[in-house]
Amino acid sequence: MITLPPVDRSTLVATRRDIHQHPELGFEETRTAALAADRLRSLGYQVKTGVGRTGVVAVRNGRADARCVLLRADMDALPIEEANAVPYRSQHPGKMHACGHDGHVAIGLEVARRLAALDLPGSVKFAFQPAEEASNGAQAMIVDGVLEAPQVSAAFGIHLWNELPVGTIAVTPGPFMASVDQFEITIHGRGGHAAAPHQAIDSVLVAAHVVTALQSLISRRRDPLEEAVVSVTEVHAGRAFNVIPARADLRGTVRTFGGRFYERAPQLIEETAQGIAAAFGARAEVQYRRLSAPLVNDRQLSDLVRDVAVDLVGRTNVRDSVRTMGGEDMAYFLERVPGCFAFVGSAGSSGSAPHHSPTFDIDEESLVIGAELLTRTAVRFLS
Ligand code: NI
């Protein structure tokens with residue numbers, strides 16, 4: 001039986017507040033990365049900076065033949081002006097830790113401190129990851145070899161989650177968070193006078209039909225037992241009330257948990273836009289990008305995390321069916337190595353503002369729970 005050193009709550013909270021005051025956007029996390037690297041070096045880890053541009057990797061080697069656990073914390077903030085009047089308010093205008101990644105970094109460093117004090121059989125690796133919000137920080141770290149030398153056997157991570165009360169943990173086996181795809185559609189019609197539509201090809205009307213047809217993909221082309229969302233979120237066309245514009249631009253997103261609709265979505269969106277446009281004598285150009293894969297938790301390792309969570313907060317406080325159509329680029333780690341990503345409830349007793357809102361804040365007790373969950377998960381996996 002391994003005895004863990006207690007959680008250092010005051011340092012954990014102080015670190016989170018320090019990072020909260022100095023939010024940095026994706027691939028600009030230089031101060032946060034330096035803070036993490038210094039702390040990890042002083043704990044005796046081998047530290048590599050510049051992994052995936054601003055990412056930091058820390059390793060503590062176990063026996064050569066032993067397993068290696070990867071713990072991942074994302075570091076980036078959002079381009080939001082903080083509206084909270086707290087003493088640790090953001091000091092960077094227009095930037096804010098409005099998703100809880102400040103807490104993830106603080107938790108990662110506290111887990112590193114506790115694990116450094118133990119004599120573990122396996123290796124421990126930390127990935128302090130940049131640019132989660134922009135959805136390519138994980139890939140940048142993977143390209144730079146974060147999963148190799150030593151080869152990672154399993155990866156774990158958490159997200160502080162304001163849709164769950166503090167004291168609860170969500171561990172869902174299988175598909176947990178959605179794929180994130182982005183599409184851009186340009187309709188090329190023919191401009192003309194609003195009073196003479198027969199002389200023009202109305203890009204606005206074509207765009208409206210495309211929007212409707214895209215929603216029909218969800219109702220008619222998708223297996224109703226496969227979850228999926230199509231949202232058209234941007235419509236740009238026209239500059240005058242009496243001119244039919246030649247061009248209309250649409251943007252939007254497709255979210256799924258994988259499956260057949262996920263595979264076919266790029267083709268379906270393209271065919272629909274082009275077919276509708278052709279019916280009106282217009283032309284559609286479609287660009288489709290996969291931003292993040294579906295996040296799928298390994299079933300056995302989800303059981304391991306769930307057992308740790310039950311020990312920590314009690315069976316009634318562990319949820320096993322929470323899922324979200326939100327995306328998370330931890331998915332790319334979990335595509336390559338088995339693992340589990342869990343939500344740690346962070347809403348205060350009177351409720352808390354949603355993620356990505358200017359009044360977002362967390363109940364800091366969630367930091368302690370997050371640090372316990374990841375520390376014990378790593379110990380249990382390696383023991
Ligand atoms: Ni987040």
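**Labels and their grounds**

Mentor: Start with histidine 159, which counts as buried at 2% relative accessibility. The model is a predicted one.

Trainee: What makes histidine 159 count as buried?

Mentor: Buried means under 20% relative accessible area. Histidine 159 has 2% relative accessibility, so it is buried. Histidine 101 is buried too, at 0%.

Trainee: Which atoms are the protein donors of the nickel ion, and how do you know that they are donors?

Mentor: They are Cys99 (SG), His101 (NE2) and His159 (NE2), lying 2.1 to 2.4 Å from the nickel ion. A donor has to be an N, O or S atom within 2.8 Å of the metal, so these atoms qualify. Water is not among the atoms, so the site may look incomplete.

Trainee: How are the donor residues of the nickel ion spaced in sequence?

Mentor: The spacing is C-x1-H-x57-H. Histidine 101 in helix 3 and histidine 159 in strand 5 are 58 residues apart, and the pair links distant parts of the chain.

Trainee: Why is helix 3 called largely enclosed by the rest of the structure?

Mentor: Because 14 of its 16 residues are buried. Its length agrees with expectation as well: at 1.5 Å a residue helix 3 should span 22 Å, and its end C-alpha atoms are 22 Å apart.

Trainee: Why is the pair of phenylalanine 156 and phenylalanine 381 called edge-to-face?

Mentor: By the rule used here there are six aromatic pairs. Phenylalanine 156 and phenylalanine 381 form one with 5.9 Å centre to centre and 65° between the planes. Phenylalanine 156 lies in strand 5 and phenylalanine 381 in helix 9, so the pair ties together parts that are 225 residues apart in sequence. Both residues are buried.

Trainee: What makes the pair of tryptophan 161 and phenylalanine 343 stacked?

Mentor: The angle between the planes is 10°, and the centres are 3.9 Å apart. Planes under 30 degrees apart count as stacked, so this pair is stacked. Tryptophan 161 is in strand 5 and phenylalanine 343 in strand 16, 182 residues apart. Both are buried, and together with Phe176 and Phe341 they form one aromatic cluster.

Trainee: How do you know that the charged end of arginine 67 sits over the ring of phenylalanine 381?

Mentor: The charged end of arginine 67 is 3.9 Å from the ring centre. The distance limit is 6 Å, and the charge must also be within 35 degrees of the ring normal. Arginine 290 likewise lies over the face of tyrosine 262, at 4.0 Å from the ring centre.

Trainee: Are arginine 53 and alanine 131 buried or exposed?

Mentor: Exposed means over 50%. Arginine 53 has 59% relative accessible area, so it is exposed. Alanine 131 has 0%, so it is buried.

Trainee: Where is the cis peptide bond?

Mentor: It joins alanine 149 and proline 150, with omega about -5°. Proline 150 lies in the loop between helix 4 and strand 5.

Technical notes. Residues numbered from 1 in each chain as written. Predicted model: local features only at pLDDT ≥ 70, side-chain atom pairs only at ≥ 80, totals over all residues. Heavy atoms only, no water. Helix = DSSP H or I, 4+ residues; strand = E, 2+ residues; numbered from the N terminus. Buried < 20%, exposed > 50% of the residue type's maximum accessible area, 1.4 Å probe, protein only. Donors = N, O, S within 2.8 Å, 3.2 Å for Na, K, Ca; no water. Phe/Tyr/Trp six-rings, centres within 6.5 Å; stacked < 30°, edge-to-face > 60°. Expected span 1.5 Å × (residues − 1).
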